Amino acid sequence: MKIINVVGARPNFMKVAPIHRALERHDTLSSLIVHTGQHYDEEMSDIFFEQLEMPRPDRYLGVGSASHAVQTARIMTAFEEVVKEVQPDLVNVVGDVNSTVACSLVATKMHIPVAHVEAGLRSGDRRMPEEINRIVTDRIADLLFVTEPSGVENLRSEGVEDERIAFVGNVMIDSLMSFREKARATGIVEELDLASDDYVLMTMHRPSNVDHREGVETLLELLRLLAEHTSVVFPMHPRTRNRFEQFGLDDELDSIDRLVVLPPQGYLQFLALMEEASVVVTDSGGIQEETTFLKVPCITLRENTERPVTIDEGTNELMDIDPAAVVDRVLERQDEDTRGKTPRNWDGQAADRIVKRLYGFLASE
Ligand code: UD1
């Protein structure tokens with residue numbers, strides 16, 4: 001039985017890698033990887049295949065960057081041809097990017113069952129493109145694999161029948177556990193001349209935070225204030241890099257002492273940087289979960305999170321982007337004792353649970 005696994009953007013690769021491996025171990029299931037090319041750079045895409053020990057994709061759709069409508073349409077058009085040709089028994093999509101919703105729509109309309117990994121997460125904020133992608137994908141997918149209790153509750157409250165929901169845990173944590181040793185062996189922290197537990201790791205890329213000049217200026221102010229107290233490492237997403245250039249603020253960035261601006265990092269290097277950081281400041285989705293697992297304090301600069309378990313049980317907290325207040329809180333949390341629990345089923349076995357359930361589903365079809 002053939003399963004297509006869809007990957008498109010950076011946060012998809014570490015989720016599909018363990019599922020692909022678990023499928024390959026199964027006697028009767030086979031796994032194909034289709035890469036839409038939503039992210040296409042060496043540093044946003046290729047390096048992840050290499051570091052996560054994934055084979056080259058079976059198909060590469062090369063859609064690239066464009067507006068949401070154009071990107072989604074390009075993915076749908078190209079993916080339809082792949083589905084016609086491959087005739088898969090099931091399409092597996094992960095996360096909440098445009099590739100996730102585009103491929104779900106195509107498969108469902110071709111009467112191919114769809115499984116969604118990381119289903120049920122809701123920020124309640126429909127201005128986020130990812131929230132729309134989540135809602136639509138969950139509405140049409142046949143199997144919904146959930147990472148945390150809020151996901152089950154959200155799906156139930158939207159009227160989804162229990163038979164479609166499986167609380168399997170977090171495949172991103174499967175990858176983290178598999179590659180943690182290799183990450184430490186990269187030596188990136190020493191290479192950057194940083195000391196363990198003595199720097200803040202920062203990432204920012206949400207359109208709502210960086211797509212307008214005021215947002216980028218506030219970010220610059222935050223970096224400047226933070227770097228007065230501690231070293232700051234800032235691997236910059238291409239979206240954020242583009243905005244700094246567009247607003248002519250990139251020179252100012254270069255002038256801040258103790259700020260280390262890096263290109264997007266490989267999976268292993270980023271994992272090592274997270275593990276050794278004193279505090280992580282971010283607006284990402286997945287990093288909230290990885291820091292919770294690593295028990296590293298995390299401050300998320302957003303109004304909401306679709307991953308509340310990272311706050312209720314883990315190390316995460318939400319804050320507005322008020323530079324002075326964020327710096328105060330970072331300094332407080334730098335000295336904080338490790339706290340937080342590991343959420344249930346974040347144990348390295350999520351991909352195996354998914355494959356078991358997929359097999360049961362396909363065998364009963
Ligand atoms: C996408 C996802 C988001 C995810 C993020 C992680 C959607 C709607 N958004 O946002 O959920 O958190 O990926 O990275 O699917 N670019 C490059 N090289 C690349 C990829 C992108 O230079 O390899 C540039 C593009 O030209 C564009 C910008 O980065 O200007 C943003 O890329 P885009 O694909 O629009 O969305 P992300 O912000 O990356």
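Tutor: Two strands pair if DSSP finds at least two bridges between them; helices (H or I, at least four residues) and strands (E, at least two) are DSSP runs numbered from the N terminus. This is a predicted model, in which local features need pLDDT of at least 70, side-chain atom pairs count only at pLDDT 80 or more, and totals for chains, interfaces and linings use all residues. Residues are numbered from 1 along each chain as its sequence is written.

Student: What makes strand 4 and strand 5 a pair?

Tutor: Strand 4 (residues 90-94) and strand 5 (residues 114-119) share four bridges in the parallel sense, and the definition asks for at least two, so they pair. Within this pairing, Asn92 stands opposite Ala115.

Student: Why are strand 3 and strand 7 called edge strands?

Tutor: Seven strands form an open, parallel sheet in the order 3-2-1-4-5-6-7. Strand 3 (59-60) and strand 7 (165-167) each pair on one side only.

Student: Why is Ala351 called buried?

Tutor: A residue is buried if 20 or more other C-beta atoms lie within 10 Å of its own, partly exposed in between, and exposed if 12 or fewer do, with C-beta atoms placed from the backbone. Ala351 has 27 such neighbours and therefore counts as buried. Ala351 is found in helix 17 (residues 350-364).

Student: Which residues does Ala351 touch, leaving aside those up to four places away in sequence?

Tutor: Contact requires C-beta atoms, placed from the backbone, within 7 Å. The residues that Ala351 touches are Pro18, Ile19, Arg21, Ala22, Val171 and Asp174. Asp174 is 177 residues from Ala351 along the chain, yet their C-alpha atoms are separated by 7.3 Å.

Technical notes: Contact = placed C-beta atoms within 7 Å.
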